[in-house]
Amino acid sequence: MAGSEDPASRTAGSPDGGDRPSPDGGAPAAGSGRGGSRARTRDAASTAPPAATAERDPAAAADNDARKPTAGAPRTEGADPPADRTGAGTAGHPGPAVPGDGTGAQAAAPAAPADTTGHLEAGPGSHPAPAGPESAGPESTGSPAGASGPDAGAAGIPTGGERLRFVGAATRRIARGIDLDEIVLGLCRATVPTFADAILVYLRDPLPVGDERPVGPVVLRLRRTDQLPEHVRGVGEPDAADPLAERVVAEPVPDLAGCASERCEVRIGGPLAEVLRGVRPVFGDSSAARAALPELLGDDRPVPDRHRTILAPLRGRRRVIGAAVFIRRPDRAAFENDDLLVAAQLATHTALGVDKAVLYGREVYIADELQRTMLPDSLPQPTGVRLASRYLPAAETARVGGDWYDAIPLPGNRVALVVGDVMGHSMTSAAIMGQLRTTAQTLAGLDLPPAEVLHHLDEQAQRLGSDRMATCMYAVYDPVAHRIVIANAGHPPPILLHRGGRAEVLRVPPGAPIGVGGVDFEAVELDAPAGATLLLYTDGLVESRIRDVWTGIEQLRERLIETARLTGPNPPPLEPLCDEVLGMLGPGDRDDDIALLAARFEGIAPSDVAYWFLDPRPQTARQARRLARRALTRWGLEELTDSVELLVSEVITNAVRYAERPITLRLLRTDVLRCEVGDDVPQLPRLRQARPSDEGGRGLYLVNRLARRWGATRLSTGKVVWFELALPARAR
């Protein structure tokens, strides 16, 4: 009759037979090897009740069996909902894998590229593939999946379709990790308990990065282990909240993760090296694995008796970087040939993920080091001003950027305050920022006015490229005059927090960004009262996707007022103030780098400053000694009179010899006694060893021996030579 079939032929094509149809109803997948040989399958089919075998179409039966949940199988974190037909597992289908036919084997185990980097490297054309007769032991002919163990879920992954779903879900979970621990954890969580009851993951120590060729012996270190919970292994009390609380094995199982040593040194030419070089996973009872496992796990820590294992090398893009050991307990179905393909897929994706994590970690390290070296390690603490700073990258994935800050001591106890922002969040932006910061430090050392500094920075940015643009705020604070000069190049305006708690946005000409070219920069001079705090910042602090710049500036001003109100008439401490300012940022309220520089103006009292103009005459040295002696007497520093008179006389004599305009002499009493002599000659004096026949050249030698510190700074109007002496203990 048309459409009729022989019951025996239908049974032979069922999922339990040796030749079973593919899940999509196509040609049968020959030689799946699920439960034994083809002959035993035909015998089982011939003994099946005819009525039962004739009720289902063989293709539909195979498809339904491939999709039907396995009773009692635990749900794993690597599984996806049933609606996902692209490879996600379900509560009853914890995973995918590779079909048992030859085509599936080739698709599931891509060829690993040739490697010639050492004795652990795979040979040309080698790739993860199921072991042949040499590596497949008795485990490959174990009981049919789903036919042994305390429940059906303990049997493993019974069909090719479910293996595919398991591999898909597991590899997606492994690929989600971005660092080393996440990737290894993803492998362990996806494997246990669906594919194995325990897993040991070894990685090279240290892990090679990129094209590095490690030297010395290859060392594998146990990175992570995972296994079934204790109550599932029959050695503990179950937790009612655990989804595996009802799943308990028939007999207690030992601690599988405890059978491994922490460190293994791979012997050149040894059995472990040969297995790692071969790349393919091997069964634990194969001759190669029996010799390699004791070397990996330790001679005194064998795998417990009757446990089934797979040893899978972890091969990255260029070399083997570790190994994974999958372990099953005795009451569970043995590993099959198709499970070698699953292990190869898991090992390949894990190794590639580890390679990715190592490269990402190196990039993060380089970014951190680059950003750290581009910013000052610590801020100077010049007399008359206190400083504090903060820097936050845009995000963990963009750790470098173009924001910077700096504080540069200048002659006369002045200090230059700089905050800038180069466009972008890349290595290029950080490199440009470093060049501009170095240029700003050089220009500050010349004591150029703020507007001139910005002008030269603009020229430097144009030399770096046509699209190199940045904003910058440059300010110079004079603690003696209690004044500050500010020039702006397209940067957000600074905020001044007064001692009484009032905060104001300073009116500074905005200017054009650095790199535009052909523009003038304007500077303004403002009062800097003692006790006031100046806040310089980048736009990342006040601008985001949810607010514009001016709204953020107003919120920052209000935040400063609220913080100052907590301390009453006294100004708030700088470090907590910076933390409070950054506290205004909410979750997800930061899209850019943040550089913050806070300066508390303390100033130098007029009573601690003595200043004179002296004409360059032969009698000027004597006059300078007399004026210095009077100032020291007024300050009660008579103990320093002899040293100060000698050093002042030497420096003034050099200035009188070459100067044409009046000479300046200034003494400042702070935590040290500082003396500054200025003239209109730009040439800086240099210390040299005078010969016995020379009439001069010994003045700076005396200054170098007697002074605590000394130096010379070139100015736009000449130079300043200065020296410092420590104050007596009673005067500090």
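A search of the whole structure, a predicted model, finds 5 aromatic pairs (rings of Phe, Tyr and Trp, the last by its six-membered ring, with centres within 6.5 Å). In one of them, the rings of Phe166 and Phe195 have centres 5.9 Å apart and planes at 20°, so this pair is stacked; planes under 30 degrees apart count as stacked, over 60 as edge-to-face and the rest as tilted. The pair links distant parts of the chain, 29 residues apart: Phe166 is in helix α6 (residues 160-176), and Phe195 is in the loop between α7 (180-191) and β3 (198-204). Helices (H or I, at least four residues) and strands (E, at least two) are DSSP runs, numbered from the N terminus.

Residues are numbered from 1 along each chain as its sequence is written. Local features need pLDDT of at least 70, side-chain atom pairs count only at pLDDT 80 or more, totals for chains, interfaces and linings use all residues, and side-chain values use heavy atoms, without hydrogens and water.

Elsewhere, 5 strands form an open sheet with antiparallel pairing, in the order β9-β18-β17-β14-β15; two strands pair if DSSP finds at least two bridges between them. Its edge strands, β9 (385-392) and β15 (503-505), each pair on one side only. From one strand to the next, the twist averages 20° (axes are lines fitted to C-alpha atoms, for helices over the stretch in contact, with angles from 0 to 180 degrees between N-to-C directions). Within the sheet, β14 (residues 495-497) and β17 (residues 533-537) are joined by 3 bridges, and Leu497 has Thr533 in β17 as its bridge partner.

Helix α14 (residues 574-582) lies across β9, β17 and β18 (594-601), at about 30° to β9.

Conventions. Contact = heavy atoms within 4.5 Å.
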